[in-house]
Every structure is written in C-alpha cells, then in structure tokens.
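Dear colleague,

Please find below the structure I promised to pass on, followed by my notes. I would be glad if you read the two side by side.

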Amino acid sequence: MKIEGTTFGTITIDGKTYEHDVIIRLSGEVAKRKKKLSKKYYGTSHVPSKEEAKFVFENGCEQLILGSGQMGNVHLSPEAEAHFAKKDCTVLLQPTLKAIRTFNNSRAKKIGLFHVTC
C-alpha cells in the first residue's frame with residue numbers, strides 16, 4: 001500500500017485516485033470517510049467527533065495518521081482525542097501532504113484518515 005500523492009480534492013493510492021476524504025484501514029482497505037458522523041455535532045467535517053473516532057479506530061491500531069487537509073484546517077475534538085488516548089493509539093496530526101509521507105514511512109500498525117481539501 002502506497003499513497004502516491006495529493007492535490008486539492010484528491011488523493012492517489014496504489015494508482016487509484018479518490019475525490020473524497022478516505023480512511024485506510026489496518027488491512028489496507030480504502031474506504032470513504034463518514035464525515036456526517038462529525039458534521040451532525042460540529043456542523044463541519046473539520047472537527048472529527050468521538051462518534052467518528054469510534055468508527056475509525058480498530059483494535060490493534062497503534063497509530064492514527066490524520067491528514068488535516070491541504071492547509072491543515074482539521075483538528076480532533078477533545079472527546080475524539082480522549083478516545084484515541086484511552087485506546088493507547090498515538091495520533092499524528094499533520095497537513096495532508098506531510099501525513100502522506102509519514103504514513104508511507106511508518107512501520108506501526110496504523111490507520112490513515114486523510115482530508116483532501118482545505
């Protein structure tokens with residue numbers, strides 16, 4: 001599994017370009033992010049909620065690499081941060097381009113959550 005790059009509104013993974021936010025599961029499966037789990041609480045997808053954190057987390061995950069958008073506008077809610085901490089899952093929050101490099105170089109059991117716009 002290799003993330004090849006991103007442009008505003010897209011991310012390319014193993015030769016396939018996605019035009020939406022994605023989650024890369026522990027298995028390597030790529031899924032569309034369920035932004036509505038956070039929008040209903042905060043009115044925006046820029047603040048992942050505890051409900052979204054529960055959806056994203058999988059047992060065995062050591063690291064969540066969160067691509068915070070091209071300009072870094074995404075940040076976790078305090079409740080989501082607490083959920084990952086309780087699960088002993090380190091969260092690395094970085095602008096999406098940097099998060100891609102981190103994801104590709106990480107040897108941890110990891111999940112990637114990538115916001116592809118702002």
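Asp88 is found in the loop between helix α3 and strand β7 (90-94), where helices (H or I, at least four residues) and strands (E, at least two) are DSSP runs, numbered from the N terminus. Phi of Asp88 is near 55 degrees, a positive value in a residue other than glycine, and Asp88 is exposed, with a relative accessible area of 66%; here exposed means over 50% relative accessible area, buried under 20%, and partly exposed in between, with a 1.4 Å probe and protein chains only. Asp14 also has a positive phi, near 50 degrees, and lies in the loop between β2 (10-13) and β3 (16-18), but Asp14 counts as partly exposed, at 46% relative accessibility. As background, most residues other than glycine have a negative phi.

Before going further, please keep in mind that this is a predicted model, in which local features need pLDDT of at least 70 and side-chain atom pairs count only at pLDDT 80 or more, while totals for chains, interfaces and linings use all residues. Residues are numbered from 1 along each chain as its sequence is written, and side-chain values use heavy atoms, with hydrogens and water left out.

Strand β8 (residues 110-115) is largely enclosed by the rest of the structure, because six of its six residues are buried. Lys110, Gly112 and Phe114 point one way from β8, whereas Ile111, Leu113 and His115 point the other way. Two strands are taken to pair if DSSP finds at least two bridges between them. On that basis, β8 pairs with strand β4 (residues 22-24) in the antiparallel sense over three bridges, with Ile24 opposite Gly112, and β8 runs parallel to strand β6 (residues 63-68), to which six bridges join it; in that pairing, Gly67 has Phe114 as its bridge partner.

Phe114 also forms an edge-to-face aromatic pair with Phe103, at 5.8 Å centre to centre and 80 degrees between the planes. Rings of Phe, Tyr and Trp (its six-membered ring) pair if their centres lie within 6.5 Å, and planes under 30 degrees apart count as stacked, over 60 as edge-to-face and the rest as tilted. Phe103 lies in helix α4 (residues 96-105) and Phe114 in strand β8, so the pair ties together parts that are 11 residues apart in sequence. Lys110 lies over the face of Phe103, at 4.7 Å from the ring centre, the criterion being NZ of Lys or CZ of Arg within 6 Å of the ring centre and within 35 degrees of the ring normal.

The largest nonpolar core has 14 residues, of which Val56, Leu64, Leu66, Phe84, Cys89, Ile111 and Leu113 touch the most other members. Such a core is a set of buried Ala, Val, Leu, Ile, Met, Phe, Trp, Tyr and Cys residues joined through side-chain atoms within 4.5 Å. The elements that give two or more residues to this core are α2 (50-56), β6, α3 (78-86) and β8.

Finally, on the cysteines, the structure holds zero disulfides, a disulfide being a pair of cysteine sulfur atoms within 2.5 Å. For Cys61, the nearest cysteine sulfur is that of Cys89, 3.7 Å away, and Cys61 is buried, with a relative accessible area of 5%.

With best wishes
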